[in-house]
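User: I would like to go through this structure and ask what stands behind each label. Please set the values against the cut-offs.

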Amino acid sequence: MNSDLAGPDFRLKRVLVPDDLEAVLRQVGTERYHIRHPFHRLMVEGALTRGQMQAWALNRYCYQAVIPRKDAIILSRIEDRTLRIAWRERILDHDGDGTSPGGIERWMRLATGLGLDAEAVASQRLALPATRFSVNAYLTLVEKRTLLEAIASSLTEMFSPEVIGERVSAILQRYPYVNEDTLGYFTPRLTQAPRDVDVALAYVREHARTLEAQQLVVDALITKCEILWTMLDALHFSYVEPALAPPGAFAPGADA
Ligand SMILES: O=C(O)c1cc(C(=O)O)c2c(n1)C(=O)C(=O)c1cc(C(=O)O)[nH]c1-2
């Protein structure tokens with residue numbers, strides 16, 4: 001990114017044309033996306049135990065479960081019918097339509113494929129408190145901030161195909177107890193995410209025209225990166241180092 005667009009803290013220096021705004025947003029991902037988190041790095045190096053992988057799947061279920069709810073909040077705030085039609089696809093992607101499964105069910109297949117009990121995962125009662133606080137922060141963001149910020153916060157999906165590609169190939173290579181079927185959640189995401197990004201990015205490029213609006217967009221994306229980052233922080237603290245999971249949280253069994 002050209003340094004005359006924004007400072008190292010992502011404070012914008014002037015009003016940007018849409019291509020320059022997009023360049024700043026992509027730089028946020030380069031610097032702040034969870035692909036750089038130590039927990040993710042350990043996962044792709046093949047260094048996590050089965051119990052740590054289970055902890056990841058169990059906690060990430062909370063994020064999956066909240067995604068269609070946050071998209072329903074966004075949907076309720078959109079006045080433009082064409083945009084609503086496009087946005088509602090996201091809810092179908094995650095909830096399914098009652099006949100074909102959605103992302104939540106596919107994530108459950110991942111969790112049970114790793115040896116977790118479906119009821120325990122769905123209840124979310126063994127999730128880390130910090131995971132719950134993080135996913136609730138996402139709901140609060142889309143509810144309380146402007147629609148522009150709510151839409152911009154979804155733009156971490158610009159970076160998800162890379163993190164998913166890296167994760168899936170590393171897991172298949174380095175975790176022999178996980179097979180392709182278990183990771184089936186990720187396959188549709190590789191086409192759904194770019195489709196979602198096209199819609200959200202077009203909206204942001206069109207509607208963030210003032211310096212103030214553009215800064216709000218950049219800050220919303222930073223906040224979303226922080227939400228994803230803190231979820232992995234919590235996993236790292238609780239299950240890797242110093243491995244101090246709070247009382248009541250998931251504890252890997254002796255076989256994991
Ligand atoms: O695997 C990942 O690392 C990852 C990241 C993200 C993201 O960047 O927010 C999403 C997903 N996956 C994902 O599967 C997904 O459905 C999704 C929806 C959203 C969103 O903010 O609307 N992000 C993500």
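Predicted model: local features only at pLDDT ≥ 70, side-chain atom pairs only at ≥ 80, totals over all residues.

User: Why is Q52 called buried?

Analyst: The label needs 20 or more other C-beta atoms within 10 Å. Q52 has 21 such atoms within 10 Å, so Q52 is buried. Q52 is in helix α3 (residues 50-77).

User: Which residues does Q52 contact, leaving aside neighbours within four places in sequence?

Analyst: Q52 is in contact with Y239 and V240; the cut-off for a contact is 7 Å between C-beta atoms.

User: Why are F10 and Q124 called partly exposed?

Analyst: A residue is partly exposed if its count falls between the limits of 12 or fewer for exposed and 20 or more for buried. F10 has 19 C-beta neighbours inside 10 Å, and therefore counts as partly exposed. Q124 has 16 other C-beta atoms within 10 Å, so Q124 is also partly exposed.

User: What is stated about phi in F10 and Q124, and where do these residues lie?

Analyst: F10 is not a glycine, yet its phi is positive, about 65 degrees. F10 sits in the segment before α1 (18-32). Q124, another residue other than glycine, has a positive phi near 65 degrees and lies in the loop between α6 (118-123) and α7 (129-144).

User: Which residues does the cis peptide bond join?

Analyst: The cis bond joins E241 and P242, with omega about 0 degrees. P242 belongs to the segment after α11.

User: What makes a set of residues a nonpolar core, and how many residues has the largest one?

Analyst: The members are buried residues of the nonpolar kinds, joined through C-beta atoms within 7 Å. The largest such core has 60 residues, and A57, L58, A111, L155, V204, L221 and L235 have the most contacts inside it. Helix α11 (residues 211-239) gives the most to this core, twelve residues. Not counting residues up to four places away in sequence, L235 touches F39, A55, W56 and N59.

User: How do you know that the radius of gyration agrees with a compact globule?

Analyst: A compact globule of 256 residues would have a radius of gyration near 18 Å; the chain has 18 Å, so the two agree. Along the principal axes, the C-alpha atoms fill a box of roughly 55 × 40 × 35 Å. Buried residues make up 35% of the chain. Of the contacts with a separation of 6 or more, 76% are between residues 24 or more positions apart.

User: How many helices and strands does the chain have, and what does UniProt list?

Analyst: The chain has eleven helices and zero strands. An unreviewed UniProt entry lists "domain: Thiaminase-2/PQQC" for residues 25-233. That span is 76% helix and 0% strand, and its end C-alpha atoms lie 23 Å apart.

Key
Residues numbered from 1 in each chain as written. Helix = DSSP H or I, 4+ residues; strand = E, 2+ residues; numbered from the N terminus. Contact = placed C-beta atoms within 7 Å. UniProt positions renumbered as here; feature names shortened; annotations may be inferred. Rg over C-alpha atoms; globule rule 2.2 N^0.38 Å.
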